[in-house]
Amino acid sequence: MSILQVSGVAKTFPGRAGGTVALEATDLLVQENDFITILGPSGCGKSTLLRMVAGLDTPTTGIISLDGKPVHGPGADRGMVFQSYTLFPWLTVLQNVCFGLREKGMPLREQQDIARRFLAKVGLSGFENHFPKQLSGGMQQRTALARALANDPRILLMDEPFGALDHQTRELMQELLLGIWESERKTVLFVTHDIDEAVFMGNRVVVMSARPGRIKCDLPVPLQHPRH
Ligand code: ADP
Ligand code: ADP
């Protein structure tokens with residue numbers, strides 16, 4: 001069975017002249033362990049689609065189901081990583097990664113063990129007590145990735161997560177994420193407007209076009225990692 005099911009999902013933002021159709025009726029089935037990249041120009045509805053899967057926006061029509069259950073609002077079963085500015089600046093790296101676990105009511109010692117384990121996986125051991133502003137952009141995104149993974153989500157939702165990073169850091173982060181995808185057997189939905197990134201990262205590339213947003217094609221990509 002597919003892990004995520006998007007069925008007949010459309011989104012219109014209200015406004016003058018009938019509002020903005022951000023996404024036309026869209027169907028998408030995501031299988032367990034898929035790494036799907038969603039590729040398309042700015043404004044084609046990529047973020048809107050991802051935000052609806054995350055439960056941060058509600059479809060105008062259609063249904064989104066995770067493990068067969070319709071999603072209503074955000075949940076720990078979906079880990080989200082945005083482009084930037086998503087760490088809590090008043091919390092340390094360790095506290096940021098513990099955040100979701102604390103919300104679940106997990107004992108502090110256990111939270112910290114899990115958080116340290118994921119910080120090690122993203123190469124941030126030793127930075128537990130730093131604050132976000134003391135870290136580079138790449139390190140902040142590693143922290144955001146560790147925070148998303150620590151909650152053990154069924155699916156990882158990433159919206160242009162490396163879009164603000166310089167080229168070299170971006171390549172390092174791409175390889176880090178692919179390594180984690182392979183070792184943790186995660187399912188990933190990854191939005192990008194970079195063709196090279198979409199084809200390099202995904203085992204399936206979903207291509208969208210704008211005005212209004214819709215899926216134009218959905219293609220399997222032969223695995224080509226490592227890069228060189
Ligand atoms: P992308 O992520 O592909 O750049 P978006 O999903 O952000 O595209 O946007 C799709 C369309 O919906 C755009 O025309 C955008 O301006 C519009 N849109 C997105 N969010 C809102 C909103 N909150 N209110 C009104 N229009 C929005
Ligand atoms: P993206 O990087 O996906 O293109 P945008 O810069 O289009 O992001 O959008 C950033 C935020 O602004 C999103 O939360 C989106 O929902 C909102 N937004 C985008 N377009 C509009 C709009 N026309 N009116 C109101 N909010 C919008």
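Buried, in this talk, means under 20% relative accessible area, exposed means over 50%, and partly exposed is in between. By that cut-off Cys 44 is buried, because its relative accessibility is 0%. Cys 217 is partly exposed, at 29%.

Before I go on: this is a predicted model. The average pLDDT over the chain is 94, and 97% of the residues score at least 70. Of the chain's elements, strand S4, residues 61–66, has the highest mean pLDDT, 98. The lowest mean, 93, belongs to helix H5, residues 167–184. For the complex, the predictor gives an ipTM of 0.72 and a pTM of 0.88.

Next, helix H1, residues 46–54. Is this helix mostly enclosed or mostly open? It is largely enclosed by the rest of the structure, because seven of its nine residues are buried. The buried ones are Lys 46, Thr 48, Leu 49, Leu 50, Met 52, Val 53 and Ala 54. For a helix in general, residues three or four places apart point the same way, because an α-helix has 3.6 residues a turn. After H1 comes Gly 55, with a positive phi near 85°.

Now two residues from separate parts of the chain. Ala 10 sits in strand S1, residues 4–13. It counts as buried because its relative accessibility is 15%. Leaving out residues up to four places away in sequence, Ala 10 touches Leu 23, Glu 24, Ala 25, Pro 59, Thr 60 and Thr 61.

Arg 170 is in helix H5. Buried or exposed? Arg 170 is buried, because its relative accessibility is 15%. With the same exclusion of sequence neighbours up to four places away, the contacts of Arg 170 are Phe 162, Gly 163, Leu 165, Thr 192, Asp 194 and Glu 197. Ala 10 and Arg 170 are 160 residues apart along the chain, and their C-alpha atoms are separated by 32 Å.

Last, the spaces. The largest pocket holds about 500 Å³. Its lining has 19 residues, and those nearest the centre are Gly 75, Arg 78, Gly 79, Met 80 and Asn 151. Strand S6 (78–81), helix H2 (93–103) and helix H4 (137–150) are the elements that give two or more residues to this lining. By type, the pocket lining divides into ten nonpolar, five polar and four charged residues.

There is also one cavity of 30 Å³ or more. The volume of the largest cavity is about 30 Å³. Which residues line it? They are Met 1, Ser 2, Ile 3, Leu 4, Gln 5, Ser 65, Asp 67 and Gly 68. Three of the residues lining the largest cavity are nonpolar, four are polar and one is charged.

Definitions and conventions:
Residues numbered from 1 in each chain as written. Chains lettered and ligands numbered in written order. Predicted model: local features only at pLDDT ≥ 70, side-chain atom pairs only at ≥ 80, totals over all residues. Heavy atoms only, no water. Buried < 20%, exposed > 50% of the residue type's maximum accessible area, 1.4 Å probe, protein only. 1 Å grid on protein atoms, 1.4 Å probe; cavity = no way out; pocket = protein on both sides within 12 Å on 5 of 7 lines; lining within 4 Å. Points joined across faces, edges and corners; volume = space filled by probe spheres on them. Nonpolar A, V, L, I, M, F, W, Y, C, P; charged D, E, K, R; others polar. Helix = DSSP H or I, 4+ residues; strand = E, 2+ residues; numbered from the N terminus. Contact = heavy atoms within 4.5 Å. pLDDT = per-residue confidence, 0-100.
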